[in-house]
Amino acid sequence: MASGISGMGVDGDSGETKGGMWDLDQKLDQPMDEEAGRLKNMYREKNTSALLLLRLAFQSLGVVYGDLGTSPLYVFYNTFPHGIDDTEDVIGALSLIIYSLTLIPLLKYVFIVCRANDNGQGGTFALYSLLCRHAKIKTIPNQHRTDEELTTYSRSTFHEHSFAAKTKRWLEAYPFRKNSLLILVVIGTCTVIGDGILTPAISVLSASGGIKVDHPKMSNDVVVVVAVIILVGLFSLQHYGTDRVGWLFAPVVLLWFLLVGGIGIFNIWKYDSSVLRAFSPVYIYRYFRRRKREGWTSLGGIMLSITGIEALFADLAHFPVSAIQLAFTVIVFPCLLLTYTGQAAYLMQNKEHVVDAFYRSIPDSIYWPVFVIATLAAIVASQATISATFSIIKQALAHGCFPRVKVVHTSKKFLGQIYIPDINWILMVLCIAVTAGFRNQSQIGNAYGTAVVIVMLVTTFLMTLIMLLVWRCHWVLVLLFTVFSLVVECTYFSAVLFKVDQGGWVPLVIAAAFFVIMYVWHYGTVKRYEFEMHSKVSMAWILGLGPSLGLVRVPGIGLVYTELASGVPHIFSHFITNLPAVHSVVVFVCVKYLPVYTVPEDERFLVKRIGPKNFHMFRCVARYGYKDLHKKDEEFEKKLFDNLFLFVRLENMMEGCSDSDEYSLYGQQTQNSMDYLLRNNGNLTTGNNNDFTCSTVDSIIPVKSPNQGNNTVTSLGRESSQAEVDEMEFLNRCRDAGVVHILGNTIVRARRDSRFYKKIAIDYIYAFLRKICRENSVIFNVPHESLLNVGQIFYV
C-alpha cells in the first residue's frame, strides 16, 4: 500500500490561481496544522515571593539602570554650556528634570511600555514581532495560517467592526504601509545602535573628567587618553560576557545610587534647601519666559536626564516587570531626584562650577572613593548599552534585516547574553573616534540627545499600535497616550534640532549608514525569497520523474537547504538537470525564524515525507525564535536525523495500526494520532475517536467497542515492523555512506534598465554585504568536503 504523502503548508499567497495542477500539489503538500500548534508560551509573569522579588529588583539595578543612573555626571553642564546667568534658572532647570523623570521613565516606560514586552523581551524589534503576530505585516511572506495558531503568538481575535480590526485591515491593505512600519522599526534600531556608540563615550569621558577637579591645570588631552584606555579595555573584555562579572554590577550600581542620593541630601542641607520649590511646575513656565529661545534649546541638555530608558527596555529579558518597577520606584527614582536637587542646591551658591557640578559638589573626605565608584558605574552603564545593542542586532538578523554575523553565547544560564565580535570592534572604533574627535561632553551630549529622542518617538508610534491591536484599549485611551507622549517628545525633538550643527549630526550620520545597510540587506533578502517562491518546482513534475528522479541514485544523504517550507526549491531542479546522479535519500531542510522569543529544543524540528516511500524524499523544517542561536553542525545534523528516524518509526507503526475500512494514513484521524505520537515521543494512547491500542512491537490489540461483539486478537503489525526495520537500515546505510550539504548560492543583480540608485544598492552595496557576511555553510559549520554549492543568478 502506498504510504501517505504530506508536506508543509503553502507559503504566502501562491495558491490564489486554482486549477487541476494546483489541487494535485495541495494533496501532495498538505499543511502541518497539528505540528505547528505545539509551541508553548515560554514567558509568563509568575507570582514571586516578596523575598525573591527583592532579590530580582536588586539584580536588575546592575543590568537595567546603569545608563540612567550615570546621567547626573553631565546633565547640568549640557543644560548650561555657556554658564549660569541667574540662579533662578537653576530652579527652572531642576523643575524640568523632575517632571521629565516623572513623565517619561516613570509613567511611560516603567509602568506602560515595559508591559508591552514580547515574551519578556524588549526593544523595537520585539515590539515589531508582537505586532507581526496580530497582523499580517511581515514583508517576507513566509507566514502561514498554521503559524497563527501557535500558542506563543498569543493572537487575539477582533470583532469585525471594532477599531482594532479596522486598524489591522488598514495596515494589511497595502505593501507600502507594511514597508513604512518596517522602516520605522529599522530607524529605531539604528538609533539604538547609535546609543551603543555614544553612551560609553559620554559616560566614560564624564567620569574621567573627575581627575581635572583635583588637578585643574591638567590638560584635557590626558582626560581623553584615560577615557580611550578605559574604552579599549571595556570593549576588549566583551567576549567574556557579563555573566562572569555580572554579580559585581548590582552592588556597584546600588552603592552608586546610595552615594549620589546621600550626597544630594547633604548638599540640600548644607547649601540651599529652597531648591525644593522646584517641585512646583510654575518654575518651568518662569524658566521659559525668562530665557526664551535659549531656554528652549537647553531642553537638549535636560533630556539627557532621561537617557538610558531605551537600554532599560532592550535589557528587559531577565527580570519580571514587577521587579523592575520596584527597583525604579524605591531606589532609582528617589536617588536621582535627590542627586539632581543636591547639585542644584550646590549651584545656587557656586554657579561658576557648572562645568563639573557633580564632582565639585562631592565632600572632600569621600571624593576619591566616589570618583572610583563613578568610573565603575560608567563602565556598567556602557556595558548595559553595548549588551542592548548586541541583543537588538540579533533580533534584526532573525527578521532578515541585518547581514549574517557571528553570534556567540557568553552564558549558559541566560539565553539573551550574547557577543557579536564584528559589531563589538565596529562600536569600539566609532566610540573612540567620537571621544577623541569631540573631546568634550557638550558636543557628545548634543549627539546623544538626538539619538535618544528619535528612539522615544519610534517607541511611541509602535506603542500606539500595540495598544490598539494587542491590548485592544479603547481608542480614547490610545489617543490620550499618543498625544501626551508626542507633545512631550516633539518638544524635546524641536530643541535638539537646534543643536544638529553642534554635534547632533553624529547620530544622524551613524543611523543613516546603518539604515542603508539594514534596508538594502532586507530588500535583497525579500527579493531572493520571492525568486524562490515563484521558481519552485511542482511536486507533480517530481513525481513524474519516477522513484529514480530520472537519474542514478547513489548511496548517501543529500541535505538541500532552502528558505521554502513547502514545494521543491529551484536549486534542486537546477541540480538534477545538470548532474547525472542524486543521493539515495534527499531531505529538504528549511531553517525558519518565527516571530517568537524562542522555540523549545524538543519542538524545533518538523518532519514530513514527500512523495511515495520509494522516492526516499523528506522535508524538515527547523524553527527558531529571534533569540535562539544555531548550535554546531554536529548537533544540528544529529538532531535532524534523530527526528527523521522517529518520524519513519512512527509512520510505519501507524500503517500497522490502520484499519482498511475506517482508518487510513491519508485520513485526518490517523494523521492526528500520528501527530499526537510525535508530541509524546512515540507513546500512543487511544483517544475517543480510536477504538484500538497500538503496540510499538508487533501487534495491534483491538479494544471492545460498544457497537461490536468480541473481536479476535490479531497480529497485523509484522509487515509494518519489517518495513520499518528495512527503511531504518536503509537510512543508516545511506548516512554511513556520507552526508552532503547542498546550498544555493543565489546571486542577485539589478536589471540593465533599472534606475541608477537601484543598481548601486543591489550591484554594489548588497553584493559587498553578501561578500563580507558569513556564509550559510559557516553558520552551520559545514565541512568543505561535505559542501556542494549550486549557483544561480536572477535579476530584479
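Visitor: Before we start, which pLDDT cut-offs apply here?
Guide: Residues are numbered from 1 along each chain as its sequence is written, and side-chain values use heavy atoms, with hydrogens and water left out. The model is predicted, and totals for chains, interfaces and linings use all residues, but local features need pLDDT of at least 70 and side-chain atom pairs count only at pLDDT 80 or more.

Visitor: In what order do the six strands of the open sheet run?
Guide: Strands here are DSSP E runs of at least two residues, and helices are H or I runs of at least four, both numbered from the N terminus. Two strands pair if DSSP finds at least two bridges between them. The pairing in this sheet is mixed, and the order is 5-6-4-3-9-10.

Visitor: Is Arg609 buried or exposed?
Guide: Arg609 is in strand 5 (residues 605-610). Buried means under 20% relative accessible area, exposed over 50%, and partly exposed in between (1.4 Å probe, protein chains only). Arg609 has a relative accessible area of 1%, so it is buried.

Visitor: Which side chain does Arg609 contact?
Guide: A polar contact is a pair of N or O atoms within 3.5 Å; within protein, one must be able to donate a hydrogen and the other to accept it, and residues adjacent in sequence count only if both atoms are side-chain atoms. At 2.5 Å, the side chain of Arg609 makes such a contact with that of Glu651.

Visitor: What is the phi of His616?
Guide: His616 lies in the loop between strand 5 and strand 6. With a relative accessible area of 18%, His616 is buried. Although His616 is not a glycine, its phi is positive, at about 50°.

Visitor: How are helix 23 and helix 29 oriented to each other?
Guide: Axes are lines fitted to C-alpha atoms, for helices over the stretch in contact (heavy atoms within 4.5 Å), and angles run from 0 to 180 degrees between N-to-C directions. Angles under 35 degrees count as roughly parallel, over 145 as roughly antiparallel, 65 to 115 as roughly perpendicular and the rest as oblique. The axes of helix 23 and helix 29 (residues 756-772) come within 10 Å and cross at roughly 95°. The two helices are therefore roughly perpendicular.

Visitor: How far apart are the axes of helix 3 and helix 17?
Guide: Helix 3 (residues 50-64) and helix 17 (residues 321-349) pack at about 75°, and are therefore roughly perpendicular. Residues in the contact include Leu53 and Leu54 in helix 3, and Ser322 and Ala323 in helix 17. The axes are 8 Å apart.

Visitor: How far from Cys590 is the nearest cysteine sulfur?
Guide: A disulfide is a pair of cysteine sulfur atoms within 2.5 Å, and the structure holds zero of them. Cys590 is buried, at 1% relative accessibility. The nearest cysteine sulfur to Cys590 is that of Cys620, and the distance is 9.1 Å.
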